[in-house]
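Hi,

Here is the structure I said I'd pass on. Have a look at it first, then read my notes below.

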Amino acid sequence: MANNDTNIDQYRRRFLERSTAVLAAGVIAPGVFLHTVANARPADEAVTSKVRWGMLVDSGKCKTGCDKCVKACEVENGLTRTGRPEIDAQWIRKVTLKNKQTGHTTSLPMLCQHCAEPPCVDVCPTGASFKRADGIVLVDKHICIGCRYCMMACPYKARSFIHEDITDQKAHAPRGKGTVESCTFCVHRVDKGQSPACVSACDEGAMVFGDMNDPQSEISQRLREVQSMEIRGDLGLNLGVRYQGI
Amino acid sequence: MKYPVCREIEGKSSAYVALLVILGGLVALGLGAAIYMEHQGHHVTGMNNQIVWGMPHVFAVFLIVAASGALNVASISSVFGKVVYKPLAPLSGLLAIALLVGGLVVLVLDLGHPDRLIVAMTNYNFKSIFAWNIFLYNGFLAVVAVYLWMLMERRMNTYTKAAGMVAFVWRLILTTGTGSIFGFLVARQFYDAAIMAPMFIVMSFSFGLAVFILVLFVSFWGTGRPMGEVIVDRMRSLLSLFVLAVLFLVAIFHVTNLYATEHHGIESFILRDGGIYTMMFWVGYVFVGSVLPLLLLNFSGSSRSEVVAVSAGLVILGGLAMMYVIIIGGQAYPLVMFPGYEVVSDFSDGVVNVYRPSLPEILLGMGGVAFALTIVAFGVKVLRFLPLSLADKDIDPHYRPDTAGGATASGA
């Protein structure tokens, strides 16, 4: 009898534990989801500088030879390859670094670094290159005259000039022959509360995207905890993309 | 000395007509190339996402730099009061306007959207040196036009010096702006240097004078107007001085870079390992464009106008080579993003970028040069830009008939 009671107690305990877990998941998961949605900016609300979108790349998790982020970007933004790499548009590319002294190799994605002080915006004669209040650097294709001075000024080779006619464009990523373009941080997704396509595509979890101005965001917490760096930090551009493990 | 007299050229000779036909043909070819590039997109050029500025920019920047330099002869006359140069001032102003227009046409027709010129004229980002340059270029055309009016309209002559001064200061600021297009590029190893502005100013002295000399001499040979030793010798010594000055600043630029370890990569690329760029620098700019003209101008034992003209031609070739090295060579060297690392990617990271100039680009550039020369050829026919005589007795205030023979003998 005593044995039976013990069994019932254990059964009851397991039942309570599991149902609590299910209940917790059921309550918290939508909360997390809704929190994301709630954080998405309503379409009629102006972008503010209270938010600074940023990305942290953990090069330790970024696999050499993996280009899922590059492929995801191409699909998301309708970038097609021409067979002539020198004129292909590249919004994100994989770069492999080998330390000349030690031979240690590192792999990482390079994209527009969404500088707080972007040289491309400084040099653009018409103001077509601009930075949104939330830190995303974009090109207004309507007033870009195609002078390519921004490409000369960008320290990261992040910009591409469109050398020929483009077909099958995505409605959310308008492009045009004779204008310059670059990574938009998938602004159309970010405005809906989603992450950029490259971040979503990275199975390794090597990329974290979020609001660097929100101390509670994952990216802010990670940036507080780990040693990160800015590429060509000597230029003092205050980049929106930070790297860990280089 | 008589008041310098400028007169229109007759412009009825077969040589003049042939010149216009050739220049017109080149302009038409350039225009055709621009339409082709605009219609097809820039994939028909040698430019790509690594070398974003190519041959059109080599020609355009050369023309713009030479434009401000071409005005120097007028400045020497109106601002510094050297009367020998007075008869040359109108041609100097005309050439300055023509070269600038030629350069700007090339620059605009190379844009990804030349049709949006009106956008560039109505949307300004005042932090951009490019936007500043739009004002500086247009202002230069206006200032020099007013200066020419003061100069050529007898009633307005009292204002010549003031207008000349404004034009002189404006041209210095303009070339500062042109040099700063490169000087302000913080990201690139070969640019990002304050010396770019003064170097471009001195280059403008040299290249502009070289173009002026060629245009002047060819006009005089073509029209059979007399030209004396004095003016040829002045041109000879002035060009010589300017070529030396450019060499000095180019040397300072490279020596300063060589002192800093971080610039050793780009310097060994340009000066030693860069293939075409190294050759363009040493053979094109240093030897053909500087040493050879200096030898010809100073040690050939001749002040003949042909020698000075050949030297001027060499300076122009050297200048184009220098522009190629600065504009293309500076982009060919890979951006240094990760010091101490070898960088590999499928987007040309860490490798020397390849550029093969295409025919349409070269035709566009040549078209700009031809357009500038067409303006000059047309200008000297319709207005009084070209002096009737540059004989010593007509321009030299110290001219004495009894010593002229001796001077000629020693100069020859």
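Which strands of chain A does helix α7 (residues 218-225) lie across? Keep in mind while you look that this is a predicted model. The helix lies across β1, β8, β9 and β10 (241-244) of chain A, and α7 runs at about 115 degrees to β8(A).

Those strands are worth a look too. They form an open sheet of four strands in chain A, in the order β8-β1-β10-β9, and the pairing is mixed. At the edges you'll find β8 (207-211) and β9 (228-229) of chain A, each of which pairs on one side only. As a bit of background, strands of a sheet pair through backbone hydrogen bonds, either parallel or antiparallel. Here, β1(A) (residues 53-58) and β8(A) go the antiparallel way, over five bridges. To find the spot on screen, pick A:Met55: its bridge partner in β8(A) is A:Phe209.

Now for where the chains meet. There, 44 residues of chain A are in contact with 37 residues of chain B. On the chain A side, β2 (92-99), α3 (119-123), α4 (149-153) and β6 (160-161) each give two or more residues, and β2(A) has the largest share, with seven residues. By type, that side of chain A divides into 21 nonpolar, eleven polar and twelve charged residues.

There is strand pairing across the two chains as well: β2(A) and β2(B) (residues 341-345) run antiparallel and are joined by five bridges.

Methods
Residues are numbered from 1 along each chain as its sequence is written. Chains are lettered from A and ligands numbered from 1 in the order in which they are written. This is a predicted model: local features need pLDDT of at least 70, side-chain atom pairs count only at pLDDT 80 or more; totals for chains, interfaces and linings use all residues. Two strands pair if DSSP finds at least two bridges between them. Two residues are in contact if their C-beta atoms, placed from the backbone, lie within 7 Å. Axes are lines fitted to C-alpha atoms, for helices over the stretch in contact, and angles run from 0 to 180 degrees between N-to-C directions. Ala, Val, Leu, Ile, Met, Phe, Trp, Tyr, Cys and Pro count as nonpolar, Asp, Glu, Lys and Arg as charged, and the others, Gly among them, as polar.
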